[in-house]
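Subject: Structure handover and findings

Dear colleague,

I am passing on the structure we spoke about, together with a summary of what was found in it. Please read the notes below with the structure open beside you.

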Amino acid sequence: MFDKIFGGDTYFAQTRALDASALRQQVISHNLANANTPNYKRQEVLFESQLFGAIQKRNEGGVNGDTAISNVRPQIVTVGGTSTRTDGNNVNLESESVALAENTLRYEVLSQSVGGYYGALKSVISGGR
C-alpha cells in the first residue's frame with residue numbers, strides 16, 4: 001500500500017535527482033578544492049542521461065528491474081584526457097563555479113517539488129484542513 005503512495009516514477013525520479021544533486025555539490029566542491037593540485041583530473045556526476053534512458057525504456061514498455069527508474073543511481077566519473085594547464089590539472093574555476101550555481105538552483109527546485117508532493121499528501125490525509 002505504501003508503495004503506491006511513496007512509489008511511482010515521478011517520486012523516484014525526483015528523489016534520485018535530489019541525491020544526484022547533493023552528490024554533484026560534493027564533487028564540484030572537491031574539484032574546486034583541488035584546482036591547484038598538479039595532475040588532478042576533475043570529476044563529474046552522471047545521472048540525467050541514465051534517468052532519461054530509464055524513462056525511455058519505461059515509455060517503450062521494456063522496463064525490468066535493472067532499468068526501472070527507482071534503480072537509477074548517480075555515478076561519479078573522472079574526466080581524463082583533457083588538460084588545460086601545464087601541470088596536468090584540468091579544473092577550470094569558471095566552469096566549476098557556473099556548475100555550482102546551476103546545481104544549487106536545481107537542488108532548490110527539486111526540494112520544493114518534493115516538498116510540494118508531501119504537502120499535497122498531508123492535505124489529503126488531514127482532509128484539506
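I begin with a pair in helix α4 (residues 93–126), where R106 and E102 lie four residues apart and are therefore separated by about one helical turn. The side chains of R106 and E102 meet in a salt bridge, with 3.0 Å from N to O. R106 counts as partly exposed at 28% relative accessibility, and E102 is likewise partly exposed, with a relative accessible area of 43%. Elsewhere, salt bridges that share partners join R42, E44 and E96 into one network. Please keep in mind throughout that this is a predicted model.

As for the overall architecture, the chain has four helices and two strands, which follow the pattern α-α-β-α-β-α when read along the sequence. Of the 129 residues of the chain, 27% count as buried, and the chain exposes about 8200 Å², of which carbon and sulfur atoms supply 56%. Among contacts between residues at least 6 apart in sequence, 76% join residues at least 24 apart.

Which residues make up the largest nonpolar core? There are 11 in all, namely A13, A17, L18, A20, F47, L51, A54, I69, V72, L110 and V114. Helices α2, α3 and α4 each supply at least two residues of this core, and α2 gives the most, with four residues. In soluble globular proteins, nonpolar side chains tend to be buried together.

One member of this core, F47, can be followed through its contacts: leaving aside residues up to four places away in sequence, F47 touches A13, R16, A17, A20, R24, V72, R73 and P74. Those contacts include A13, A17, A20 and V72, which also belong to the largest nonpolar core, and they include the arginines R16, R24 and R73 as well.

Finally, the structure holds one aromatic pair. Y11 and F12 form this pair in an edge-to-face arrangement, with 5.9 Å from centre to centre and 65° between the planes. Y11 counts as buried at 15% relative accessibility, while F12 is partly exposed, with a relative accessible area of 23%.

With best wishes

Notes. Residues numbered from 1 in each chain as written. Predicted model: local features only at pLDDT ≥ 70, side-chain atom pairs only at ≥ 80, totals over all residues. Heavy atoms only, no water. Buried < 20%, exposed > 50% of the residue type's maximum accessible area, 1.4 Å probe, protein only. Contact = heavy atoms within 4.5 Å. Areas by Shrake-Rupley, 256 points an atom, 1.4 Å probe, with all protein chains shown as cover. Phe/Tyr/Trp six-rings, centres within 6.5 Å; stacked < 30°, edge-to-face > 60°. Salt bridge = Lys/Arg side-chain N within 4 Å of Asp/Glu carboxyl O. Core = buried A, V, L, I, M, F, W, Y, C linked by side-chain atoms within 4.5 Å.
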